[in-house]
Amino acid sequence: MLEIHQFPYGDDNYGVLLHCHNSGETAMVDAGDADAGEQALARTGWPLSQIWITHHHGDHTMGLAALKAAHNAHVIGPATGGKPVAGVDQQVDESAHFAFASREVRVLTTPGHTLDMTNFYLPSEKLVFTGDTLFAMGCGRLFEGDAPMMWASLNKLMALPDDTTIYCSHEYTVGNATFALSVDPNNQTLIDRAQQVTDLRIAGESTVPTIMSLEKATNPFLRAGDPGIRSILEMPNDSDAEVFAEIRRRKDNF
Ligand code: ZN
Ligand code: FE
């Protein structure tokens, strides 16, 4: 059983530490803030052995050099979609699974937000780190890729088991819920969840992680095939990819 410690940094980012008591190994997902990472390591007392980088954006990489130097950690990061992230020791794509604490880590490339977006899935734990691809009730903005690319990436994540636990890199959930209600207003599961996440934030708690089944039920970006959403968008006969693109456009202008 791996232990997980999620910690906030910056305006709305989350970093995660993954730790195995048996082997003593610890992985950090993303390295956007060295001070926040050091505080999380000090608080847990876990020694850093690996860092997994999801994509090149500064809020995910700015602390990498300092954390790597301080802990001599092995850094795994994207192999495709742009120039390598500085400090990455091992570039991985979907052909290059790796091991953490004797567990298989599968690499999923999910371009769209960036071309180098890399997600990490541990089948033994049913655990996935989706970076800025899939958020709770949202998805990443299309900075480098396009809508068909992101739709294919989200489908790759949707193929994971429904009981997969999802850690994403930002606390955007309340804003995402408000938008979701604008395109899916009659979805009672969504209405209930919007209230729940609002209450969590008022209490100062995190809305992350989430679960794939809940995302499929409430995340409009995964629900392009839903008849209710299609009727509101007046797109009854368009492809799922086209409906997704329209939902993404509306979110950009929301
Ligand atoms: Zn990003
Ligand atoms: Fe980000």
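Predicted model: local features only at pLDDT ≥ 70, side-chain atom pairs only at ≥ 80, totals over all residues.
Residues are numbered from 1 along each chain as its sequence is written, and side-chain values use heavy atoms, with hydrogens and water left out.

I begin with the domains. The assignment, automatic or from a database, gives domain 1 as 3–168 and domain 2 as 173–252. Their centres, taken over C-alpha atoms, lie 24 Å apart. Domain 1 brings 26 residues to the contact and domain 2 brings 29 residues, where contact means heavy atoms within 4.5 Å.

About 2,400 Å² is buried between domain 1 and domain 2, and carbon and sulfur atoms give 67% of that area. Buried area here is the accessible area (1.4 Å probe) that two parts lose on being put together, summed over both.

Next, the charged pairs. The interface of domain 1 and domain 2 holds 2 salt bridges, each defined by a side-chain nitrogen of Lys or Arg within 4 Å of a carboxyl oxygen of Asp or Glu. Elsewhere in my notes is the pair of lysine 216 and aspartate 162, a salt bridge whose closest N and O atoms are 2.7 Å apart.

Finally, the cysteines. How many disulfides does the structure hold? There are 0 disulfides, a disulfide being a pair of cysteine sulfur atoms within 2.5 Å. The cysteine sulfur closest to that of cysteine 139 belongs to cysteine 168, 12 Å away and too far for a bond. Cysteine 139 is also buried, at 6% relative accessibility (buried means under 20% relative accessible area, with a 1.4 Å probe and protein chains only).

Terms used:
Chains lettered and ligands numbered in written order. Buried < 20%, exposed > 50% of the residue type's maximum accessible area, 1.4 Å probe, protein only.
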